[in-house]
Amino acid sequence: MLAYTYIEKGRFLMLEKPVPELKDPCDALVRVTLGSICTSDLHIKHGSVPRAVPGITVGHEMVGIVEQVGSGVTTVKPGDRVTVNVETFCGECFFCQKGYVNNCEDPDGGWALGCRIDGGQAEYVRVPHADQGLNRIPDGVTDEQALFVGDILATGFWAARISEITPDDTVLIIGAGPTGICTLLCAMLKHPRRIIVCEKSEQRARFVRAHYPDVEVTDPDNCLSFVKSHSEHGGADVVIEVAGADDTFRLAWEAARPNATVTVVALYDRPQVLPLPDMYGKNLTFKTGGVDGCDCAEILRLIAEGKIDTTPLITHRFPLDRIEEAYHIFENRLDGVIKIAITERSR
Ligand SMILES: [Zn+2]
Ligand SMILES: [Zn+2]
């Protein structure tokens with residue numbers, strides 16, 4: 001099969017590899033029918049994910065059809081159309097029991113697919129802990145509608161959930177990249193009084209204005225004054241930082257009102273400063289980390305009910321054998337790209 005592979009820093013290559021085999025009774029083999037490229041794939045390519053193993057097949061955003069299951073798999077069967085979760089987790093350890101699946105204690109726990117074990121920019125993928133990592137796609141929900149459920153949409157959903165948004169809140173979302181927009185869609189489900197999106201790129205700001213006319217849009221230079229004049233208590237009640245730029249962490253807590261919640265979803269390239277003397281008396285609550293991707297069934301239900309639609313994010317489509325071109329466009333943000341759907345190889 002074709003498998004897009006991490007060779008070394010700066011280099012991915014399409015290789016022919018054998019179709020993966022089940023290694024454990026809890027494994028499933030999934031034929032990938034649609035995948036995508038994530039910014040995290042670029043982080044691997046650029047060498048900024050030290051735990052990524054050279055030689056592994058990359059890709060952790062995908063949907064597909066179950067081809068084969070081990071004897072311990074009970075929730076899916078061959079022929080089922082499924083979403084694949086970016087995180088593998090056992091469902092049994094202390095952290096899984098509490099829903100903190102990102103910190104699952106299993107050796108494959110957390111983000112392993114397409115990082116430490118072979119991922120899904122390939123024709124087939126082996127999914128460990130398939131009962132936890134696969135969710136059946138309801139009839140009537142297309143592959144494209146379900147494509148982002150296991151990664152960026154799970155992240156947006158988790159971010160909105162832990163931010164404890166109430167109907168009285170002004171919510172500021174910093175960053176309108178793919179994950180920022182998924183976060184926006186999930187924050188909208190909480191019906192806060194107001195949502196403000198701060199985005200530097202004019203093209204992305206236009207996308208938000210065009211698709212979500214009820215959302216206020218500002219840019220980093222004007223964000224603080226905009227939020228002050230568009231909120232009741234001198235700042236946002238909830239700030240969700242999804243941008244991860246050099247100055248956006250500072251912007252996040254500065255734009256927050258006293259006693260606000262600041263949720264940091266972003267992954268930074270560099271350490272950030274928490275200047276406690278400057279924020280003394282502001283009494284902020286910070287929440288940080290990586291997605292606990294355990295809400296996929298609920299997200300799929302919301303998609304089936306028409307309450308979440310991420311299909312506008314798909315701006316480009318390429319077959320697997322032309323993924324190189326897709327990476328070029330995604331990496332260089334050419335041609336108004338937001339997300340690229342990778343379809344099955346052309347025959
Ligand atoms: Zn990702
Ligand atoms: Zn676990």
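How much of the chain over residues 26-131 is helix and how much is strand, and how far apart are the end C-alpha atoms? In this predicted model, where local features need pLDDT of at least 70, side-chain atom pairs count only at pLDDT 80 or more, and totals for chains, interfaces and linings use all residues, that stretch is 12% helix and 27% strand, with its end C-alpha atoms 7 Å apart. Residues are numbered from 1 along each chain as its sequence is written, while chains are lettered from A and ligands numbered from 1 in the order in which they are written. Helices (H or I, at least four residues) and strands (E, at least two) are DSSP runs, numbered from the N terminus. An unreviewed UniProt entry lists residues 26-131 as "domain: Alcohol dehydrogenase-like N-terminal"; such annotations, given in the numbering used here and with feature names shortened, may be inferred rather than shown by experiment.

The domain assignment divides the protein chain into domain 1 (2-151 + 293-343) and domain 2 (154-288), with bounds that come from an automatic or database assignment. A distance of 27 Å separates the C-alpha centres of domain 1 and domain 2. Their contact involves 18 residues from domain 1 and 13 residues from domain 2, two residues being in contact if their C-beta atoms, placed from the backbone, lie within 7 Å. On the side of domain 1 that touches domain 2, nine residues are nonpolar (Ala, Val, Leu, Ile, Met, Phe, Trp, Tyr, Cys or Pro), five polar (the others, Gly among them) and four charged (Asp, Glu, Lys or Arg).

Strand β13 (residues 236-241) is largely enclosed by the rest of the structure, because six of its six residues are buried, that is, have 20 or more other C-beta atoms within 10 Å of their own, where 12 or fewer count as exposed and values in between as partly exposed. β13 runs parallel to β10, joined by four bridges, and pairing requires at least two DSSP bridges between two strands. Isoleucine 173 stands opposite isoleucine 240 in β13. β13 also pairs in the parallel sense with strand β14 (residues 256-264) over five bridges, and alanine 236 has alanine 256 in β14 as its bridge partner. Together with helix α9 (residues 248-254), β13 and β14 make a right-handed β-α-β unit; with the strands pointing away from the viewer, the path from the first strand over the helix to the second runs clockwise.

Most residues other than glycine have a negative phi. Glutamate 164, however, has a positive phi of about 50° and lies in the loop between α5 (152-162) and β10 (170-174). Arginine 333, in the loop between α12 (323-331) and β17 (339-343), has a positive phi near 50°.
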